[in-house]
Amino acid sequence: MPELTLDGSPLRVAPGTTVAAALALGGDGSSRTSVSGERRAPLCGMGICQECRVNIDGQRRLACQTLCQDGMHVETLA
């Protein structure tokens, strides 16, 4: 079972879990904060809407298109 860090907190998920699903399991379900300060969440689930952008190991990635990996660091508050 992959164990990742989500906004500084450890989270263990089932193999094959997307980062978007991990956000719902271990956080508030949000993936980022908009320019107006509102929390945003994944919407389309297939990478088109871009609402699920997060920082993964220092790179901007789509949470709905990325599988959780052991040791991964995910940040939604940056």
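Arginine 39 touches Asp28, Ser30, Ser31, Arg32, Thr33, Thr76 and Leu77, leaving out residues up to four places away in sequence. Arginine 39 lies in strand β4, which covers residues 39-40, and it makes a friendly starting point for a tour of this predicted model. The chain around it has one helix and seven strands.

**Arginine 39 and its partners**

- With a relative accessible area of 31%, arginine 39 is partly exposed, since that value falls between the 20% limit for buried and the 50% limit for exposed.
- Its side chain makes a polar contact with the side chain of threonine 33, at 2.9 Å.
- The side chain of arginine 39 also reaches a backbone atom: the oxygen of arginine 32, at 3.3 Å.
- Glycine 29 sits ten residues from arginine 39 along the chain, and the C-alpha atoms of the two are separated by 9.2 Å.

- Arginine 32 belongs to strand β3, made of residues 32-33.
- Is arginine 32 buried or exposed? It counts as buried, at 13% relative accessibility, because buried means under 20%.
- Setting aside residues up to four places away in sequence, arginine 32 touches Glu38, Arg39, Arg40, Gln50, Glu51, Arg53, Arg60 and Thr76.
- Between arginine 32 and cysteine 68, which are 36 residues apart along the chain, the C-alpha separation is 17 Å.

**Valine 54, a buried strand residue**

- Valine 54 has its place in strand β5, the strand that spans residues 53-56.
- The relative accessible area of valine 54 is 0%, so this residue is buried.
- Which residues does valine 54 touch, not counting those up to four places away in sequence? They are Val19, Leu23, Ser31, Gln59, Arg60, Arg61, Ala63, Val74, Glu75 and Thr76.
- Aspartate 7 is 47 residues from valine 54 along the chain, yet their C-alpha atoms are separated by 10 Å.

**Threonine 66, a buried loop residue**

- Threonine 66 is found in the loop between β6 and β7, the latter running over residues 73-75.
- Although it is in a loop, threonine 66 counts as buried, with a relative accessibility of 5%.
- A polar atom of the threonine 66 side chain lies 2.7 Å from the backbone oxygen of leucine 62.
- Beyond its neighbours within four places in sequence, threonine 66 is in contact with Thr17, Thr18, Val19, Ile56, Arg61 and Met72.
- Val19 and Arg61 are among these contacts of threonine 66, and valine 54 touches Val19 and Arg61 too.

**Two aspartates with positive phi**

- Aspartate 7 is not a glycine, but it has a positive phi of about 50 degrees.
- You can find aspartate 7 in the loop between β1 (3-6) and β2 (9-12).
- Aspartate 7 is partly exposed, and its relative accessible area is 31%.
- Aspartate 57 also has a positive phi of about 50 degrees, again without being a glycine.
- The loop that holds aspartate 57 runs between β5 (53-56) and β6 (59-62).
- For aspartate 57 the relative accessible area is 48%, and this residue is partly exposed.

**The chain as a whole**

- Read from the N terminus, the elements come in the order β-β-α-β-β-β-β-β.
- Why does the overall form of the chain agree with a compact globule? A compact globule of 78 residues would have a radius of gyration near 12 Å, and the chain has 11 Å, which agrees.
- The C-alpha trace spans about 35 × 25 × 20 Å along its principal axes.
- Of the 78 residues, 37% count as buried.
- If we take contacts between residues at least 6 apart in sequence, 37% of them join residues at least 24 apart.
- The chain carries 7 positive and 8 negative side chains, with the centres of the two sets 6 Å apart.

Definitions and conventions
Residues numbered from 1 in each chain as written. Predicted model: local features only at pLDDT ≥ 70, side-chain atom pairs only at ≥ 80, totals over all residues. Heavy atoms only, no water. Helix = DSSP H or I, 4+ residues; strand = E, 2+ residues; numbered from the N terminus. Rg over C-alpha atoms; globule rule 2.2 N^0.38 Å. Buried < 20%, exposed > 50% of the residue type's maximum accessible area, 1.4 Å probe, protein only. Contact = heavy atoms within 4.5 Å. Lys, Arg positive; Asp, Glu negative; His and termini not counted. Charge placed at Lys NZ, Arg CZ, Asp CG, Glu CD. Polar contact = N/O pair within 3.5 Å; in protein donor to acceptor, adjacent residues only side chain to side chain.
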